[in-house]
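Visitor: I would like to go through this model with you, one question at a time. Could we begin with how its helices are arranged?

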Amino acid sequence: MAKKRVHEIAKEKGITSKEVLVILQAAGIEAKAAASSVDVDEAARAFAPKPKAAAKPKAEPKAKAEPKAEATP
């Protein structure tokens, strides 16, 4: 298992170490400081886009009424 420090991940992503810590902790990865080491694969999963749950089909938008033509004098 390869490991990286939180501050290294932050530098690669272009965000702060605090933001990385929040994302990692939300994914259930225990990291407390910028110097904490985390598994590279776990960190990648934490930053992976989350698949959306079965999306409910949206109702068709109502057709907009066409603007009335102005009468010319």
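Visitor: How are α2 and α3 oriented to each other: roughly parallel or roughly perpendicular?
Guide: This is a predicted model, and in it helix α2 (residues 17-26) and helix α3 (residues 40-47) pack with their axes 9 Å apart, at an angle of about 90°. Angles of 65 to 115 degrees count as roughly perpendicular. The two helices, α2 and α3, are therefore roughly perpendicular to each other.

Visitor: Which residues in α2 and α3 meet, and of what class are they?
Guide: From α2 come V20, I23 and L24, which meet A43, A46 and F47 in α3. Counted by class, the contact of α2 with α3 includes no polar and no charged residues, but six nonpolar.

Visitor: Which elements give two or more residues to the largest nonpolar core?
Guide: The largest nonpolar core has eleven residues, among them V6, I9 and A10, as well as V20, L21 and L24, and also A43 and A46. In general, nonpolar side chains in soluble globular proteins tend to be buried together. The elements that give two or more residues to this core are α1 (6-13), α2 and α3.

Visitor: With which residues is V20 in contact, leaving aside its neighbours within four places in sequence?
Guide: V20 belongs to the largest nonpolar core, and V20 also takes part where α2 meets α3. Once its neighbours within four places in sequence are left aside, the residues in contact with V20 are V6, I9, A10, I15 and F47.

Visitor: In what order do the elements of the chain run?
Guide: The chain holds three helices and two strands. Read from the N terminus on, its elements run β-α-α-β-α.

How values were computed
Residues are numbered from 1 along each chain as its sequence is written. This is a predicted model: local features need pLDDT of at least 70, side-chain atom pairs count only at pLDDT 80 or more; totals for chains, interfaces and linings use all residues. Side-chain values use heavy atoms; hydrogens and water are left out. Axes are lines fitted to C-alpha atoms, for helices over the stretch in contact, and angles run from 0 to 180 degrees between N-to-C directions. Helices (H or I, at least four residues) and strands (E, at least two) are DSSP runs, numbered from the N terminus. Angles under 35 degrees count as roughly parallel, over 145 as roughly antiparallel, 65 to 115 as roughly perpendicular and the rest as oblique. Contact means heavy atoms within 4.5 Å. Ala, Val, Leu, Ile, Met, Phe, Trp, Tyr, Cys and Pro count as nonpolar, Asp, Glu, Lys and Arg as charged, and the others, Gly among them, as polar. A nonpolar core is a set of buried Ala, Val, Leu, Ile, Met, Phe, Trp, Tyr and Cys residues joined through side-chain atoms within 4.5 Å. Buried means under 20% relative accessible area, exposed over 50%, partly exposed in between (1.4 Å probe, protein chains only).
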